[in-house]
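Here are my notes on the model you sent. They are meant to be read with the structure open.

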Amino acid sequence: MAVYVPVRRVSLLLYGAVLAGGLYHAAADLGPGRQPHWRTVAFAAGLAALVALDEVERRGGTRARHAVLLAARCVLIAAVVAVDASELAQVLYVLLPFNAYFVFGRGVALLLGALCVAALLAGYAVDAPEWYRDQEHVSDLLMLCVGLVLTLAMAAVAVGEQRARRALEEYAARVAELSAASERIRLAREIHDSLGHHLTAVSVQLELASELSGRDTESARRAVDEARLSVKRALGDVRQSVRTLRGDKPGTSLKSALADLTRAGESLEVSGSEHGYEARELRVLYRAAQEGLTNARRHARAAHVTVALRLGEDAARLVVTDDGCGFVPDGASAGYGLLGMRERAHLVGGNVDIDSAPGAGTRLTVTVPRGGGGGAG
């Protein structure tokens, strides 16, 4: 069972009311005889000790420690009641079940409340056997019962509020944890789809240049130029990612971005308008084309690659086709790139279809609904 913090203002209000009533009773000399000064001092000191006990209890601790503090509170209240000539201090007994509710729960609080009533009745039985005929004694008993009901109801409300607050804090922490995990996954996709794509291209071109350097200087030079261009594109992607993180608007259209991706011997067909498509939807299409081209160049060893994009009124359809070696889409060769592509498409309500087989080339189809995105891509 969780330990909750008692509402401090309730006990402070009761201490203040009892202190004011007791001091007024002594100053106005309302009792049958003049009250000794030591009793007034002891009365005020007992209330001050109860306030200090509240501060100690608020620092928390084990249940055993709280049980000791509860017993100390009971002793202090009994001492204050004994020296209080006004008899107002008896109301302080309601604080015993009130504070117990926060630490030990409703059952213990109800038991202490019943013991308070039983103790009062036992005192009546000793001092005034016919107390039930006396209006003052009956009124005191009723007031104690009403006070117990009100304080226990207040404790229940306070515990419920604290429990709800803790649940909300735990939920907020969980949401923050999930958001951090989602951001890590998003960054992993960004790194793979942008830098991974360009670094792959640089690696392929530099390997080609190294192979041709001895026998075909011109081809080797073109490969190095292509690698240099891939580096420039990688820097452009990094700048674009920074703009996205800053919330800036993209500076280029999807058609232009796709044109920058394709090389000689790779055909690009784009139809329709980007108007009405959200930035994250266009970004999913761009990353899918990027991944398809990377796979076709590096893994498929394709001689011809076609990128076709149709931007319709309801949805966009991207198809990347190559005549390479192909693969088994659900096999071990389907790596993080395809996984990230599917995740991106799912986040905007789209889907990915891969038609491929060993030796039969690959056809990648990505469909994204217009304005149907869910989360961030």
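1. Helices here are DSSP runs of H or I with at least four residues, strands are runs of E with at least two, and both are numbered from the N terminus. Phe 98 and Phe 102 both lie in helix H4, 4 residues apart, which is about one turn of the helix. Phe 98 is buried at a relative accessible area of 1%, and Phe 102 is buried with a value of 1%; buried means under 20%, exposed over 50% and partly exposed in between, with a 1.4 Å probe and protein chains only.

2. On the basis of the notes: this is a predicted model, in which local features need pLDDT of at least 70 and side-chain atom pairs count only at pLDDT 80 or more, while totals for chains, interfaces and linings use all residues. Residues are numbered from 1 along each chain as its sequence is written, and side-chain values use heavy atoms, with hydrogens and water left out.

3. Overall, the protein contains 10 helices and 5 strands. Of its 377 residues, 38% count as buried.

4. Aromatic rings. Rings of Phe, Tyr and Trp (its six-membered ring) pair if their centres lie within 6.5 Å; planes under 30 degrees apart are stacked, over 60 edge-to-face, and the rest tilted. The count by this rule is 3 aromatic pairs. Phe 98 and Phe 102 are edge-to-face, because their ring centres are 5.2 Å apart and their planes stand at 75 degrees. Phe 98 is buried, as given above. Tyr 124 and Trp 131 make a tilted pair, 5.5 Å centre to centre with 35 degrees between the planes. Tyr 124 is buried at 7% relative accessible area, and Trp 131 also counts as buried, at 18%. Ring pairs link these two residues and Tyr 132 into a cluster.

5. Most residues other than glycine have a negative phi. Glu 87 sits in the loop between helix H3 (63-83) and helix H4 (95-104), and it is partly exposed, with a relative accessible area of 48%.

6. Thr 365 belongs to strand S5 (residues 362-369). Is Thr 365 buried or exposed? Thr 365 is buried, with a relative accessible area of 9%. Leaving aside residues up to four places away in sequence, Thr 365 touches Arg 317, Leu 318, Val 319, Asn 351, Val 352 and Asp 353, where a contact means heavy atoms within 4.5 Å.
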